[in-house]
Amino acid sequence: MSVRNIVAIDLGASSGRVMLATWCTSTQRLTLKEIHRFANCLTPVDGHDTWDLAALESEILTGLTTIDNNGVRISSIGIDTWGVDYVLLDKRGERVGLPYAYRDHRTDGVMNRVMNELGQKSLYWKTGIQFLPFNTLYQLKAFSEQQPELIEQVKHLLLIPDYLHYRLTGKINHEYTNASTTQMLNLSSGDWDNELLDYLGIPPQWLTKPSQPGTPIGEWQAPSGRSVPVVSVATHDTASAVIAAPLTGHHCAYLSSGTWSLMGIESLNPFNDLKAMAANITNEGGINGTYRVLKNIMGLWLLQRICCELAIADLPQLIAKAEKLPAFTSLINPNDERFINPSSIVEEIRQACAEHQQPVPQAPEELARCIFDSLAMLYRQVMLELSALQGQPIKQLHIVGGGCQNAFLNQLCADVCQLTVLAGPVEASTLGNIGCQLMALGEIDSVASYRKLLTESFPLRCYTPNPVFDFAQHWCRFQALSHSYEEFVL
């Protein structure tokens, strides 16, 4: 019996995990074990929100060393993380400047200026990427304007997973799926757009041509003395999650639910026309020449923040209390820019409700109910936008990631969207990461085969819509509300 031991390191904006997958080639069975889990959070430094990369690297090495010390022969390692954030290195491989987090306020107002200077239509046609104020394009514009004295020190620009792969191997690599989130790739060529680099004052030498998922990077030298291959997986966590989503055709959409909710379809062609731009749809890179045609939705960040601000430890109890409240009493647009990183999400939600003459949620369960109802409404809006883009209705939604464990929100989504919801797998990003490595090792022949295997190994939970669910008048309220906010697309 031949066995492959695959390590997937999956980092999100609120937590990270080192997972060990065991693949039996004779039985075609996959088992998954959590080795090490740890927190990740914004770290204030000099008035800015940053990532503690040294701590993250230490946690990763703790997990890897634990596996190696237990005598497990690791077949390969891969890392996936959130998108858009970057690290600058000098010629010695040392970091230049702070590792800023995308929620840092240094980019406030930058997106609008860049859009005015480059032209919104031209930029969208060139990149096909959603206009979000924290895209790498705007982060680097802020860097070049605010810290020009550091530019001469820089030799390499790496996105977060590429940086962590570099720390394991000493090798420079830029992986395609994550590179596509920067709004700096040319949609036609799949390579960095030289005109945009020139506009930013970024030398092309800082970057290498993006590599496809499954590309070998180098080797990690384990404490045992073993050399372990490190593989560039689909390093953007949503790209990995989509690989593990059991999609079966154009009638299916996915919702990767976590700190962010990312709803989209898998497509062989991008959508970068005026209709897609008006809906602020993004075309990020997927595996095997596919595009992740999706929209970023603020997601459970809102819930995480109110729990943090109000010191709520019992999330199931909060959800149970929220479920008992009347639906749609108060609604917000979760994608309003005001909710990206305010000093208080609680007060921001209350103020938004007051501004639109709605009941102001006071109790924690009222705030949670407002968030759940608003997310479900926004899910419906994005589902309709995606259906219109592809010219055929979406009939089934696959919710993956940690948020798929929220049965109340899953059912609310099914009711408001009036479609079947399938929930699972929970560890979608990790499983997609593992799938990339298994395909690189020649153990799995295709994404379709891997999805079929996952469906058999990790059963899905089905939520069917209530056909008499009454939300019509509230849907009209939400549409009017969402149009009254200043959206990301001007």
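Figure 1. Of the 490 residues in the protein chain, 61% count as buried. The model is a predicted one. The chain holds 17 helices and 18 strands. Its C-alpha trace spans about 65 × 55 × 45 Å along the principal axes. A compact globule of 490 residues would have a radius of gyration near 23 Å, and the value for this chain, 22 Å, agrees with that. Among contacts with a separation of 6 or more, 72% are between residues 24 or more positions apart.

Figure 2. The chain carries 35 positive and 49 negative charges.

**Figure 3. The cysteines C353 and C370.** C353 counts as buried because its relative accessibility is 0%. C370 also counts as buried, at 2% relative accessibility.

**Figure 4. Y176 and its surroundings.** Y176 lies in helix α6, which covers residues 176-179. Its relative accessible area is 13%, so Y176 is buried. Leaving out residues up to four places away in sequence, Y176 touches L185, G190, P210, S211, Q212, G285, G286 and Y291. P213 is 37 residues from Y176 in sequence, and the C-alpha atoms of the two are 7.2 Å apart.

**Figure 5. D191 in a loop.** D191 is placed in the loop between α6 and α7 (194-200). Is D191 buried or partly exposed? With a relative accessibility of 23%, D191 counts as partly exposed, since buried means under 20%. Apart from residues up to four places away in sequence, D191 touches M184, L185, N186, K209 and P210. D191 and W475 are separated by 284 residues in sequence and by 41 Å in space, from C-alpha to C-alpha.

**Figure 6. T430 in helix α15.** T430 sits in helix α15, which runs over residues 428-440. At 0% relative accessibility, T430 counts as buried. Which residues does T430 contact, leaving aside its neighbours within four places in sequence? They are A8, D10, R17, M19 and L32.

**Figure 7. The cis peptide bond at P425.** G424 and P425 are joined by a cis peptide bond, with omega about 0°. P425 is in the loop between β17 (420-423) and α15.

Figure 8. Q28 is not a glycine, yet its phi is positive, near 55°. Q28 is found in the loop between β2 (15-24) and β3 (29-39). Its relative accessible area of 39% makes Q28 partly exposed. V84, which is not a glycine either, has a positive phi of about 70°. The loop that holds V84 lies between β6 (76-80) and β7 (86-89). V84 is buried, with a relative accessible area of 8%.

How values were computed. Residues are numbered from 1 along each chain as its sequence is written. This is a predicted model: local features need pLDDT of at least 70, side-chain atom pairs count only at pLDDT 80 or more; totals for chains, interfaces and linings use all residues. Side-chain values use heavy atoms; hydrogens and water are left out. Helices (H or I, at least four residues) and strands (E, at least two) are DSSP runs, numbered from the N terminus. The radius of gyration is taken over C-alpha atoms; the globule rule is 2.2 Å times the number of residues to the power 0.38. Buried means under 20% relative accessible area, exposed over 50%, partly exposed in between (1.4 Å probe, protein chains only). Contact means heavy atoms within 4.5 Å. Lys and Arg count as positive and Asp and Glu as negative; His and the chain ends are not counted. The place of a charge is taken as NZ of Lys, CZ of Arg, CG of Asp or CD of Glu.
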